[in-house]
Amino acid sequence: MKFKSVKGTKDILPGEVEAWQHVERVIHRVMRDFNYREIRTPVFETTALFSRSIGELTDIVSKEMYTFTDRSEESITLKPEGTASVLRAYIQHNLGEQSQLVKVYYLGPMFRQERPQAGRLRQFHQFGAEAIGSQSALLDVEMMALALEIYRQLGIEQYELNINSVGCEKCRPKYKELLVAELTKLQDTLSPESQTRLKQNPLRVLDSKDENDKAATKNAPLMKDYLCDECSAHFTAVRQLLDTLGTKYSIDGRLVRGLDYYTKTAFEITSTALGSQDALAGGGRYDLLVEELGGKPAPGVGFAAGIERLLMVLEKSGNTPKDESGPVLFFVALDDNSLQWAFAEAATLRAKGISVELDYLGRSIKAQMREANRQHARYVIVVGENELKSGKAKLKDMLSGTETEISLQQIQSSFQV
Ligand code: AMP
């Protein structure tokens with residue numbers, strides 16, 4: 001075979017796509033219940049949008065983006081995440097002027113050139129939400145509740161919610177200095193990757209997966225213990241609201257997430273049903289990002305969740321929805337005339353919303369019956385010269401196996417949506 005899908009990308013085939021459609025339906029429904037409206041942004045943007053928002057030194061920007069120069073010599077990048085594009089659109093279209101609080105959601109493909117492994121693709125799909133225009137901790141918790149409600153409605157019960165506060169521009173710089181001073185003392189015991197991070201993005205040393213790093217940084221200072229009064233009050237409010245909702249959570253002082261733009265709340269939802277790539281969703285507050293991207297200052301909070309990971313959890317728990325329903329009606333036609341008649345009859349039924357199939361391959365009756373069965377058709381009507389003449393045909397119920405007679409004129413009224 002000459003052509004294959006590119007490494008790290010996947011086809012979603014018939015038989016698999018039904019689970020996706022089910023998940024997408026639940027996402028749209030729950031988003032609507034929480035009053036978030038859909039926004040669709042382009043698949044690619046100018047590269048600077050991402051380097052400015054996500055941060056030059058993050059893994060995503062420094063080594064994972066699909067960036068190319070187009071024919072107009074402009075640097076373009078395939079979206080590695082959704083927030084930057086949504087905020088670009090929010091600023092570009094002055095959405096903040098139409099409404100003080102803008103609540104939007106998205107769903108679509110994202111692209112990162114990571115090393116492919118289970119749960120990690122180069123084209124993957126995320127859904128996510130953003131609420132722009134309010135500092136209220138209610139919205140931080142609404143983001144968590146929104147993601148968890150989608151999981152609940154899909155039957156996912158195995159998850160953990162971890163929260164942290166990564167501070168703000170007032171308290172983080174001082175803490176960062178302290179952290180760097182402490183980590184520099186341990187520098188020689190850290191992994192090469194953490195040594196680089198210490199110089200470029202010191203907070204991320206704390207979420208290293210390396211066991212030695214974990215042990216070495218066991219007593220390192222954590223941001224949550226050095227919050228300013230405002231961040232501390234906000235973090236308390238988030239925890240109280242989670243308690244009010246009865247949502248279980250853990251505080252993980254090492255949770256920093258891989259993007260630079262977070263302020264105050266950061267959270268992650270993980271699942272033990274996943275392997276080493278156990279993050280189902282992540283999010284947090286980004287009170288400075290709109291301004292950073294050139295908009296009028298507006299606080300915001302959001303989350304993003306992977307759809308492939310969600311489907312992996314559904315599959316592990318045996319909850320993958322299967323849609324094996326076939327067409328409602330399959331016409332088995334015995335000759336060309338009958339096939340033409342069935343073709344027209346099918347068009348009228350389809351226009352009413354009834355799913356109808358017929359034979360396009362000139363198969364024998366037996367083969368057509370077999371095909372109707374293979375496709376899980378609910379009913380079969382057999383038509384030939386005699387049936388067209390007499391105006392009556394056999395209607396077979398494929399579930400019970402019973403056969404009845406149906407008048408051809410009554411077909412349209414017998415099948416209703
Ligand atoms: P992030 O934007 O990195 O916080 O990712 C948010 C969520 O998207 C993660 O929790 C995963 O569920 C999913 N995700 C991120 N990167 C990938 C990837 N390369 N392949 C599949 N899913 C991913």
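Let's start with the second largest pocket of this predicted model: 24 residues line it, and those nearest its centre are Lys10, Glu16, Trp20, Leu311 and Glu315. The space inside comes to about 620 Å³, a volume filled by 1.4 Å probe spheres set on the points.

Who supplies the lining? H1, strand S6 (123-132) and helix H12 (307-316) each give at least two residues, and H12 has the largest share, with five. Helices (H or I, at least four residues) and strands (E, at least two) are DSSP runs, numbered from the N terminus. By class, the lining has eight nonpolar, six polar and 10 charged residues; Asp, Glu, Lys and Arg count as charged, Ala, Val, Leu, Ile, Met, Phe, Trp, Tyr, Cys and Pro as nonpolar, and the others, Gly among them, as polar.

Now, on to H1 and its partner. The axes of H1 (residues 17-33) and H6 (residues 137-153) come within 10 Å and cross at roughly 135°, with axes fitted to C-alpha atoms over the stretch in contact and angles running from 0 to 180 degrees between N-to-C directions. That makes H1 oblique to H6, the class left once angles under 35 degrees (roughly parallel), over 145 (roughly antiparallel) and 65 to 115 (roughly perpendicular) are set aside. Val26, Ile27, Arg29, Val30 and Met31 of H1 meet Leu146, Glu149, Ile150 and Gln153 of H6, contact being heavy atoms within 4.5 Å.

Housekeeping: residues are numbered from 1 along each chain as its sequence is written, and side-chain values use heavy atoms, leaving out hydrogens and water. Local features need pLDDT of at least 70, side-chain atom pairs count only at pLDDT 80 or more, and totals for chains, interfaces and linings use all residues.

Definitions and conventions:
1 Å grid on protein atoms, 1.4 Å probe; cavity = no way out; pocket = protein on both sides within 12 Å on 5 of 7 lines; lining within 4 Å.
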